[in-house]
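Work through the exercises below with the sequence and the model side by side. Try each task before reading its solution.

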Amino acid sequence: MPTDIQTAAHLAQSDVPRPLSHFGSGRRETVIDTQPRGDIAATAAIASISDQDWYISRTHGVYHIPACAKKTAETAGSDAPYALLLITSRGDVIDIGDGRRLPFAISAREIADDLLQDLHDHGIFVCAGARPTPGELVAATSRRDAYYHRLISEGDTLWARGHSFREISDLHRRAAMTIGVEREWAYVPMRLSDCPACGEKVKAGVAVCKHCRAILDPAKAAQHGLGGGAANSTPPTTATPVVAHSAPRK
Ligand SMILES: [Zn+2]
């Protein structure tokens with residue numbers, strides 16, 4: 001049974017207000033129940049196993065679902081990692097015309113369900129409790145993986161048609177990266193910058209220019225024994241500035 005509050009919440013999802021015909025155009029007074037109904041004050045927990053940050057904009061706020069930290073060697077033995085976002089209820093106002101504004105409350109659960117409309121397939125869900133259970137995390141992972149595998153085969157099909165990067169969307173690329181499959185079409189062109197010494201294109205962040213051997217990042221070069229601008233094979237014992245400064249003071 002749709003309550004007034006739910007109706008109002010659904011209207012708030014759209015940036016463009018829909019005609020409020022069911023409020024009755026002839027009535028001057030509109031009574032809306034904004035009293036808390038039990039779960040209004042409660043929080044809802046959104047869990048995410050997605051490796052991306054998600055920002056969702058609504059009339060009542062911008063919500064950030066943080067990226068889930070990657071599983072490392074240190075955390076490999078522990079429970080599956082997830083990121084958590086706690087949602088609380090919000091108030092909002094609808095402009096119903098004639099200068100009248102209608103305040104209402106949206107429960108945390110309604111907000112959470114609304115935010116996740118398109119995100120379930122990315123491994124994001126509303127927890128039944130305050131935290132995700134292992135079962136919920138497993139279910140979210142298999143749903144996400146199934147969706148991403150569908151995207152990857154779609155990417156394969158699109159790529160086979162004409163090897164055009166324009167056919168491949170970010171969604172396809174992210175799916176391939178998240179699942180960890182190597183695909184020609186998932187290749188993201190590396191950022192290149194100009195070497196200040198010779199002007200050739202070099203990868204961003206490299207220690208030494210591969211064209212002219214100029215040291216582009218002295219600290220990184222020293223770390224790899226490439227200081228001094230001499231041969232690449234110079235061992236790190238060469239008295240680079242880094243080593244000289246670390247000599248004990250008297
Ligand atoms: Zn260079």
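**Exercise 1: a helix and its cover**

Among what covers the buried residues of helix H4 is helix H3. Contact here means C-beta atoms, placed from the backbone, within 7 Å. Helices (H or I, at least four residues) and strands (E, at least two) are DSSP runs, numbered from the N terminus. Residues are numbered from 1 along each chain as its sequence is written. The model is predicted: local features need pLDDT of at least 70, side-chain atom pairs count only at pLDDT 80 or more, and totals for chains, interfaces and linings use all residues.

Task: Which residues of H4 are buried?

Solution. 
- Step 1. Apply the cut-off: a residue is buried with 20 or more other C-beta atoms within 10 Å of its own, exposed with 12 or fewer, and partly exposed in between.
- Step 2. In H4, residues 170–179, this picks out His172, Ala175 and Ala176.
- Step 3. Down the axis of H4, these buried residues fall within an arc of 95°, so they line one face of the helix. The arc is that of the directions from the helix axis to the C-beta atoms.
- Step 4. Look past the end: Gly180 follows H4, and its phi is positive, near 85°.

**Exercise 2: a sheet**

Task: What is the order of the strands in the open sheet of three strands?

Solution. 
- Step 1. Find the pairs; two strands pair if DSSP finds at least two bridges between them.
- Step 2. The order is E4-E1-E7, with antiparallel pairing.
- Step 3. E4 (83–87) and E7 are at the edges with a single partner strand each, so one side of each has no neighbour in the sheet.
- Step 4. E1 and E7 share three bridges. One of them links Ser48 to Ile124 in E7.
- Step 5. Helix H2 packs on this sheet and touches E1, E4 and E7.

**Exercise 3: a hairpin**

Task: How many residues join E2 to E3?

Solution. 
- Step 1. E2 (residues 54–58) and E3 (residues 61–65) pair in the antiparallel sense over five bridges.
- Step 2. The hairpin between E2 and E3 runs through two residues.
- Step 3. Ile56 has Tyr63 in E3 as its bridge partner.

Definitions and conventions. Two residues are in contact if their C-beta atoms, placed from the backbone, lie within 7 Å. Axes are lines fitted to C-alpha atoms, for helices over the stretch in contact, and angles run from 0 to 180 degrees between N-to-C directions.
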